[in-house]
Amino acid sequence: MSQLSESIRGLGASGPLRRMPRANVERIATVVVLGWAMGFMLWQGAGFTITLTTIFAIWAILAVSLNLVVGFTGLLSVGHIGFFGIGAYTMAILASDASYDQLRTESIPTPDWPFFAALPICIALAGLVALGVGIVFNRFRDDIFVLVSFGFAIIAFSFFLNLRELTRGAFGIHEIPRPAFGSWALDGEVEFLVFALICLALVVLICWLIVTSSFGRVLTAIREDEEAIAVFGYRVTHFKLAVWVLSAMMAGLAGALLASWTSFIDPNSFILLESMLLIAIVILGGLATIWGSLLGAMAFVLLEEGMRFLPFLPPEFVGQARQVVLGVLLVVLMLFRPQGLVGRYRL
Amino acid sequence: MTESSAAVIHTIDLSKHFGAVRAVDELTVAIPKTGITSIVGPNGSGKSTLVNLLSGTLPLDGGIVIIDGVGLRLVKAHESPQHGITRTFQEVRLFEQISAWDNIMVVLTERRLIPSLFERVKPAHRETAERVLREVGMWEKRDAMAGELSYGQRKLLEIGRAMAMNAQTYLFDEPFAGLFPQMLERVKEIVVRMRDQGHTLIFISHNMDIVRELPDHLIVLDSGKLLTEGEVHDVLSRAEVIEAYLGE
Amino acid sequence: MSAWSGRLDLSQFAERPRDLLALLLALAVAGYIAWAISQSPQQALQFTFNGLSVGAIYALLAIGFTLVYSTVWFFDLYYGAAAAIGAYGIFYLRSGEALGGLYEVNDPAVNVVFALVTAGVAFWALREFYGRRLRERFGSGSALGVEALVAGGLGAYMGVVLAWPNDLNVLFAPAIGLAAAVVFPWILGRAAARIAPRANQSGVSFVTAITGAAIGVVCSVALAQAGGSKLYLSWVVSCLLAGMVGLAFYRGLYVQIIRRTHSRLIMLVASLGVLLALTALTIIVFESAPRPLPDVFGSTPWQVGGATIKGFNVFAIGVSIAAFVGLLLLLKKTAFGKSVRAIGDDEEVAKVVGINTTLVIAIVVFIGAVFAALAGVLNGHDTAIQPRMGLIMLLKGWIASVVGGIGNLYGAIVGGFALGLIEQFGIWNLAGEWKDVVSFVVLILFLSFWPNGLLPRR
């Protein structure tokens, strides 16, 4: 190309995009987070490692699935926690054991289904709700989409908290069983961890298949310019809706896993703040890469657990301190590396 | 009937207004199927709006568009390829944060939702993308992000993206604007080659040298209305055109 | 022609059903409200009072939000944190005595942080707006010294004020006196220039300066003597702090991001980071339990037509209307207002025509944060305060500004009060905890049917 035309680069509508320095930051981030994880696990031993990895698996499913929507489709959704909650509550209500003591005022029917019978319902319900919500949300973009997705998170939380006939409100639901294959229940922590990791692997595989398919390429084009891609014959609304529903279904799976793992859930796990932390993880790890979301989720889990060992930090402030660090990291990233640690896309 | 069969695109009383401004005002015009048609007119005469209406990027406020004998009151953007229409944008709208290669590939792949989920890169797509990228001279830059290319390269890539659609009718919104002579020649070559392959080309241009040289047919707009149309030399010699627009 | 006539379908009416639906919806809401009033006029009146009370707070937030949004064109989530800073500022300064010494929270680290923020903002402002004059007079080295000295002094003063909240009236009186001594002569001068334009300039300024100084001294002495003024002074201090923190974030962070990118979403995410961090810090300093604020005007409600309303709520409604009118006058009647609109239309052009965009935007950002803080203060006195109040208030203000029509000041106040009323009437037969759902449903309906809001920006 002629040098002259090079010199007027950036006459285009969006201006020049700075070349993203990729390899170094990515490699360093990967090495640091993985090394940190290894060191931490070796130091703390097996029991701790198992817990940590299980939490990681659940957050990673959430982060990877949210990245489909945020990183690949460009819809900055803060409402993902709602689908997570729907999955968790569906599992809790369907699978909880009816025999535990319930307050008479807050008692709910508990069908006592096995895990694997309830799981498809959890995923399907999350998808179904996402379909309805998506049809309404499809017309919104950019900051207005952020606002309405805040709205979805808050509405979902309100339902968990206030629909007492179904969710027992603030009392939460107990006695949610672990997955069982016939008579072999995954009661052990290791067994459950393996199960969670299998789920994570499945989600990662599905996401990888999605983003490397023609569908995934269309998503990135929608992210860049909805109107332009429509001219080439794609029904943008359908593609957006499809990825939104798929992503919500994965969040529903993560919710079911959480409910089963902790055996108790209450609305506090699904507050708006958690959703904001989730979006922070996705952006921190990197937009439009699956690996980035895995890395982000790992860093997030390590951050919280790591802070428990800071001598000067009172234990009740661990969560807050993590939130401060995440907030500051988010600010720093937006300043210097808006695509996140290993990202392929900047908002 | 005879008129509409000779014309690939025919509009009847086409209207579009933004608030009180009538960008396109009851425009009735026929664009012939063969050769190159150029739309000219002063700034704000409704050229880009016309292209946006024909490609479905903007909804019509009134009138009918007849494309290949099919009359439409509502041109939907995602259906425009079915009518054999594809386009480029005045402000060069590429998919900035994906590679030049993917910018071409994305218009080649499956349109239906479910099959597209299961479609991987096909050799046929790859061949077309390579051919198009070579034709517009962007093969070496295929791995660069579209947003990192120079303005001229972006223009070429956008034209390449339209070419990959292999449509009957191409709407080019100012394909020559802001290009250096070397690039301009290249775009001209591409346009001529496409005409020779039997495609219908419609472009907007302000460059009078090109308007004299390239098109077979000329449409002159002024304030959203048709000022005149016809053979290039006829039109350019008419006094009203000279007065209203050319000022020569 | 016959070939295509079969394709003339009903799709051209695709836009129509939405209008019809919107009309039906509006009628349904009106019908519902009429039904509610006919059911129990007294309860309807009560709900109207409640709606106006919260609406005043939403309106205040929405006004600040819309002002800032229509100037710098991004949603700054910091304003949620500003509301929390405003409310917790009162708690920080007044909890010691007004709440019976139950919560002593004075923390040197907090005082130092705010002292530094004050010093930093003061230093930046001096350098930006007086830097050249100072350099011309003292040379660049000494000018820097003067700036640092003045800024440091202001910061230290703020630290001292925060460190001894029990003597707030004595400590803060000089600042108020000084402000009065600056503002009154300016107003008098303006008035004099209008009444007697030919008067001797130096004579007028001498007289106004003397009067101003006298008023300043009287003000500060009166304040220092009046122990009851501490609460109101704490309002001033915490709004000032929230404004300065907002300005600090704008200059220190957002401007840096704007220089690198123009993406509104990147700004939004950065401000989300700010909100996350500040909310967590608030919890670390004040713990997450809800806290009370001292009562203002007593807590006995007034009886009006069988319904009750607290005096404080009437006051809050008055404050938000006064703030609206004040801002409206500022924007419509002054050169400053013209500059704000010019910047909103196109910042680059505004800069070219000689508007000091830095100064104007700084003032706008400051006003926005002060309004948010004021809303936080009013809300805090009305109910209790908790660290996460910022986020929900932010969202309500955001909704109100969108419902009213983003970028339109009239829309913001209408939207605020409308949202308050709709929320109250929406939970007529439901429990109060559903009101967040009501507001977001309203938002989504509005965005679907009237995306430009009640009063679109022209």
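Here is a short chat about how two chains of a predicted model meet, and about some spots inside them.

Me: Before we start, how are things numbered, and what pLDDT do local features need?
Reply: Residues are numbered from 1 along each chain as its sequence is written, chains are lettered from A and ligands numbered from 1 in the order in which they are written, and side-chain values use heavy atoms, with hydrogens and water left out. Since this is a predicted model, totals for chains, interfaces and linings use all residues, side-chain atom pairs count only at pLDDT 80 or more, and local features need pLDDT of at least 70.

Me: What area do chain A and chain B bury between them?
Reply: Contact here means heavy atoms within 4.5 Å, and 48 residues of chain A are in contact with 45 residues of chain B. Buried area is the accessible area (1.4 Å probe) that two parts lose on being put together, summed over both. Carbon and sulfur atoms give 60% of it, and the total is about 4,100 Å².

Me: Which residue of chain B forms a salt bridge with Glu227(A)?
Reply: A salt bridge is a side-chain nitrogen of Lys or Arg within 4 Å of a carboxyl oxygen of Asp or Glu. The two chains have 3 salt bridges between them. For Glu227(A), the closest N and O atoms are 3.1 Å apart, and the partner is Arg93(B).

Me: Which element gives the largest share of the side of chain A that touches chain B?
Reply: Helices (H or I, at least four residues) and strands (E, at least two) are DSSP runs, numbered from the N terminus. Elements giving two or more residues to that side of chain A include α8 (189–212), α9 (214–224) and α11 (236–262). The largest share is 8 residues, and it comes from α9(A).

Me: How many residue pairs are in polar contact between domain 1 and domain 2 of chain B?
Reply: Domain bounds come from an automatic or database domain assignment, which divides chain B into domain 1 (1–83 + 200–248) and domain 2 (85–166). Their centres, taken over C-alpha atoms, are 27 Å apart, and the count of salt bridges between them is 0. A polar contact is a pair of N or O atoms within 3.5 Å; within protein, one must be able to donate a hydrogen and the other to accept it, and residues adjacent in sequence count only if both atoms are side-chain atoms. With both residues at pLDDT 80 or more, the number of pairs is 5.

Me: Is Ser38(B) buried or exposed?
Reply: Ser38(B) lies in strand β3 (residues 36–40) of chain B. A polar atom of its side chain lies 3.4 Å from the backbone oxygen of Phe203(B). Leaving aside neighbours within four places in sequence, Ser38(B) is in contact with residues including Val211(B), Pro215(B) and His217(B). The relative accessible area of Ser38(B) is 0%, so this residue is buried.

Notes: Buried < 20%, exposed > 50% of the residue type's maximum accessible area, 1.4 Å probe, protein only.
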